[in-house]
Every structure is written in structure tokens, then in C-alpha cells.
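Colleague: I would like to learn how to read helices and pockets in a model. Can we walk through one together?

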Amino acid sequence: MRKTKIIKLSALLLSLLLILSACAAESSTAPEASSGEKTKITFWTPFSGGDGEFMTAMIEKFNAESTDIKVEQLSNRSEDYYTKLQTALASDQGPDLAVLHSSRMPQYVPSGYMTELDGLASEAGVNWDDFNPTILESTIYDGKHYSIPLDTHAIVMYYNKKYLEQAGVLKDGKPVYDPSPEGFTKFLTAIKDAVPADVAPLAQPNVRIDSYWMFWGFYNQLTGGGKFYDANGKAELNNPQALQALEYVNSLYTSKLIPPNINDAVKMFQDQKAAVLITGVWSTGSFENIDGLDFGVVPMPQIYDQPATWGDSHTLALPKHSKEDPAKQKAALVFANWLAQNGEMWAKAGHIPSVTKVLDSEAFKAMDYRSDYAESADFVKYWPRHEKQGQVNDNVVKEFEKMMMGQQDPATTLQKADEVINKTTGN
């Protein structure tokens, strides 16, 4: 009897030892499956100032919430960003994820530097139907998606409510003018007659790209406008619609509704030395932090046949590598999609989110100003797709500057613009 009990006890102990041994084996292999190690991805951005602070906050939030992905950001100076990115890609040292402006995609996608996303995106949970169609279209080449759009940043019209009220062109907090060239000129003239002499009715620099943006918006508002190249790739900017729009822009300078020799129009508006300013949505975040600045903002003024404005988009792309890491690719797209889906955080910088449901969210609607110009995303007009468009624009701006300084008329400006476009593109 006692021997039987000992045998049973031994068998029980043996069973326990086998169970403990199995548990120990599972314990020794568990760290490999759930070690807490995250897939690390590198993320390059060109953001600084307010933009940079908001992006950093978003990355920190994602890293705190994610159980399996760690994002490491390298923030570059915007003026150096694409030079560094180009060098890194050429030497196979590109990041896992990079911010890529829509306007820069023609430089990188046809050259094979960026990864086509359709198969990868579905695995990462990306739904292309979530995005504003106009913004999304700027990321598609030959029917394929090459980046996830984060936003659009268009030019809009800021206005000082005090000055517009003094001029009698403010109603219910919104500017009032007839939607025509004559109506907008009358609006600005009324402001000029009512405000102090040192206040600009409309502040625009007479250097750099700002007036070129404004021209592009007005030009695309005209029926038949927006042509830049013909079917053979030759310049086609010198045409009747472009001349009509440019003559109007020039009239704002010659009439001094835009005062001469303005360098920093944004600072003028901040200092309440400008009644109206046409510039990018990225100024919203800084303007709302200026004590005593009572301002409003609306989309780009429509003075011709249809709404249109210049704009660009920050998009999120996967640079190609000689040896791809599928885990990193998926992690990068999961993070990129998270950024887009949480666009209300990015909207704090002033940008218009790319995901349509974000615009309908209570968080977005609760923000001041943003909803007042969010519709711009539906009629934003991007630069033409050309690998040398950046260089083209730099050279065209030089011709615009001559016009703004009174050195040549609009017709000559467009004629010379076509010449420099063809020279830059080799046509």
C-alpha cells in the first residue's frame, strides 16, 4: 500500500517536473516573441518653427501609444532638405519615410527613387477612399499611389477686422466685395481711403514667389486658364488668359493698392500695418498668438469664373533602398497613415488635413479659423508635373520681380517667361 502511494507520488512529481520544464522552455523563448523591442523607422522632415513643434508633438504621441513601432525623426532646415534627401537617395542612405511635397514628386517618382504603395498600403490598413480626392490625385502616377497625403497648404486671404470695419467692407465678420476684378479693386480702394497712410490695403512683397502664387490662383480661375506647357512640353504660359490675370496682379502694384518696396508682408500684417494679406495657411498658427491682432481668414478671393488657388501638399513617401526591409516598410506606412488620420493635430499648424473625416470632426471644428478656409482643398491648383518645375519657377519669378519693380510690362514678362521656361527645360 505504502509502495503504491510512493509510486503515485513519484509519478505526480514527474508530471510536475515536466510541466515546469515546459513552462521554463516557453519562458526562455517568450522574449523573442514579446521582448518589447519595437521596429525602429527613420523619418525625415523639413519642418521648423511652429510646423516642427506640432510634428514633434505628433511623433511623441505616436511613440507613446505604439506597442511595436518607434519613430526617430531627423528634422532638416527646409532650404537644405531636398539637397540632403537627393544625396541620401543617390547613395542608398535614404530614410525609411520622408516628407515629399507634391510639387517635388515629378523629380523623384519617375526617377525611381520612391516606392509604389498600393500593395504595401493595403497591408498597413491604408484606405485611399479616406482622402480628399483633389489632394490624393497629386500623389498618383500612372494610376498608382506613391505617397500618403498629409495635407494641402494653399494661399488664402487674411484680413484685419478693424480696418475692414472702418472701410465699411465687413459684414458679420466677413469681407464684402463683388466677385470680379473691378469688385476686388473697389474693395481694396475703400480700405485705402479709410485706413492710415502707413497701412497697406494689401500687403504683398515685390520680390520672391508670393505674387507668382497669387497670379497662379487668379489664372486658374479663368475659363481656359492654367496652361503652362503644350503637348510637346514647350512653354505655353504666354496666352490671353495668363495675360489677363497678370495684368490684374500688376494693376494692384501700379495703383499702389499694394504699396511699393514691401519685403516682409507677414510681419506687416502681424504689426497691424496691413489690412489684407494673401499668403499661405501656415501663417494661421502664428497670427493667432499675436496679442491684439483681431483677424479673420477666408479662401483666396474669387474674381473670375471659378474658385481656384495655388497650393501644395506635404505627402509621406517611402524612399527605395537596394535591400528593402518589409517590416520597416509596413511600420512606416502604419505611422504615415496614423499621421493623416490624426490630422486635427497637424491642423493646429494651419494646414488643411487630407482625410475628409478629420474635417468633420469636433476637434477640427472647435478650432478657430481653419474651417473658414478648409474648402480650399477642393479647388487647390498644383504646379504642372515636370521634373524641372522647381528650377522653372525660380527663373519665372525673376521675370515677375522685374514687372513688380516697374522694369517691364505683363506682356513682356510672359514672353520672357516662356523663353526661360524653354531654356530651363531644354525645349
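Modeller: Start with helix α19. Its buried residues are Pro 410, Thr 413, Leu 414, Ala 417, Asp 418, Ile 421, Asn 422, Thr 424 and Thr 425. Buried means under 20% relative accessible area, exposed over 50%, and partly exposed in between, with a 1.4 Å probe and protein chains only.

Colleague: What should I know about the model and the numbering?

Modeller: This is a predicted model, where local features need pLDDT of at least 70, side-chain atom pairs count only at pLDDT 80 or more, and totals for chains, interfaces and linings use all residues. Residues are numbered from 1 along each chain as its sequence is written, and side-chain values use heavy atoms, with hydrogens and water left out.

Colleague: How are helices picked out, and what span should α19 have?

Modeller: Helices (H or I, at least four residues) and strands (E, at least two) are DSSP runs, numbered from the N terminus. The expected span of a helix is 1.5 Å times one less than its number of residues. For the 16 residues of α19 (residues 410-425) that gives 22 Å, and the end C-alpha atoms are 22 Å apart, which agrees. Gly 426 follows α19, with a positive phi near 85°.

Colleague: What covers the buried residues of α19?

Modeller: The cover includes α10 and α18. Contact means heavy atoms within 4.5 Å. Gln 389 is in α18. Its relative accessible area is 2%, so Gln 389 is buried. Leaving out residues up to four places away in sequence, Gln 389 touches Phe 228, Tyr 229, Trp 383 and Pro 384.

Colleague: And how do I read a pocket?

Modeller: Rolling a probe the size of a water molecule over the atoms shows where empty space is left. On a 1 Å grid over the protein atoms alone, a pocket is an open set of points with protein on both sides within 12 Å along at least five of seven lines; lining residues have an atom within 4 Å of a point. Here the second largest pocket is lined by 14 residues, and Tyr 253, Thr 254, Met 404, Met 405 and Gly 406 lie nearest its centre. The most come from α10, with three residues.

Conventions:
On a 1 Å grid over the protein atoms alone, a cavity is a set of points where a 1.4 Å probe fits but cannot get out, and a pocket is an open set with protein on both sides within 12 Å along at least five of seven lines; lining residues have an atom within 4 Å of a point.
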